[in-house]
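I begin with one pair, then move to the others.

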Amino acid sequence: MTPYPTKLVIATRESALALWQAQHVRDRLLAQYPGLQVELLGMTTQGDQNLTTSLAKIGGKGLFVKELELALEDGRADIAVHSMKDVPVQLPEGFILAAISAREDARDAFVSNQYRNLHELPSGGIVGTSSVRRESQIRARFPTLTVEPLRGNVHTRLRRLDEGRFAAIILAAAGLKRLDLAHRITAAMSVEDSIPAAGQGALGIECLSHRTELLDLLRPLHDAHSALCVRAERAVSLALGGSCTLPLGVHAQLSEFEIKISAMVASPDGTHHVRAELVRDVRSEPPEQIGIALADKLRSMGAASILSAVTGPDAGR
């Protein structure tokens, strides 16, 4: 076995949530390996720099990952910590997800200072979100509401709500809880009401694939239960085109040996949407195969035509 390193550098975005995630991984490593030195390398990514344009128009959530991967490639950092919902389903050659952490709450959170849920918002009420997935589901179920883009870190989004620019905003529950902002959650949205993004609530630790000593080092941080669900979710996304900008929600839950996975595909305006679910035994099928089967079911219901209208004729095939 290759000896463990005595020092580790973690590449991370510099937002409060990203730093919390990197510090969480650092603290778990230090608890596991008391003699290890761990440093953080804070970075500002393209996704952080451009806050005026929707992610779908500037390249998707992968913009939060690319600079961190460059730091791994040129040796400035050993590992990078990501929100799994931001990680493209196809990693560049030479990179690997060494560990996926135990998942926090995967649900979306409804946040408002006036209303208890989306049903209470008046016609024309403005809902803020940065996600085409959330936007499409809101428009499908609440066509009288107005959905407007909301970029920035968690605190910036909350401030804009408090300034009265929005009647409500939708955020990931996991991020609010990790930043000790759970009290701002007006209501956790059920998976039936809002299917989360693939990997939402889980953290991924990325490194270069040839760094086998890091794979061994990070193994105690890996949660097999969460990883199995995330692998199935990401397989659905990959089979339907693999883009972070797709209006796609997918969520898997594991109970003993049974996995239930639900997914939806919708047009951004919510006028066209399909939804399906599968329940399978994970002892007889790998999670990726289950995800592919669900993607096939969605295609048979018309998902490919919906996606092709968004991203081109090859989407969803």
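Entry 1. I looked up glutamate 135 and found a salt bridge to arginine 139, with 2.9 Å between the closest N and O atoms; the term salt bridge here requires a side-chain nitrogen of Lys or Arg within 4 Å of a carboxyl oxygen of Asp or Glu. I am working on a predicted model, in which local features need pLDDT of at least 70 and side-chain atom pairs count only at pLDDT 80 or more, while totals for chains, interfaces and linings use all residues. Residues are numbered from 1 along each chain as its sequence is written, and side-chain values use heavy atoms, with hydrogens and water left out.

Entry 2. I then placed this pair: glutamate 135 and arginine 139 both belong to helix 5, residues 132-141, and sit four residues apart, about one turn of the helix. Helices are DSSP runs (H or I, at least four residues), numbered from the N terminus. Arginine 139 is partly exposed at 25% relative accessibility, where buried means under 20% relative accessible area, exposed over 50%, and partly exposed in between, using a 1.4 Å probe and protein chains only.

Entry 3. Is aspartate 216 buried or exposed? I found aspartate 216 buried, at 19%, whereas arginine 219 is exposed at 51%, and their side chains meet in a salt bridge of 2.9 Å, N to O.

Entry 4. Glutamate 120 and arginine 116 form a salt bridge of 2.5 Å, N to O; glutamate 120 is partly exposed at 30% and arginine 116 exposed at 61%.

Key. Helix = DSSP H or I, 4+ residues; strand = E, 2+ residues; numbered from the N terminus.
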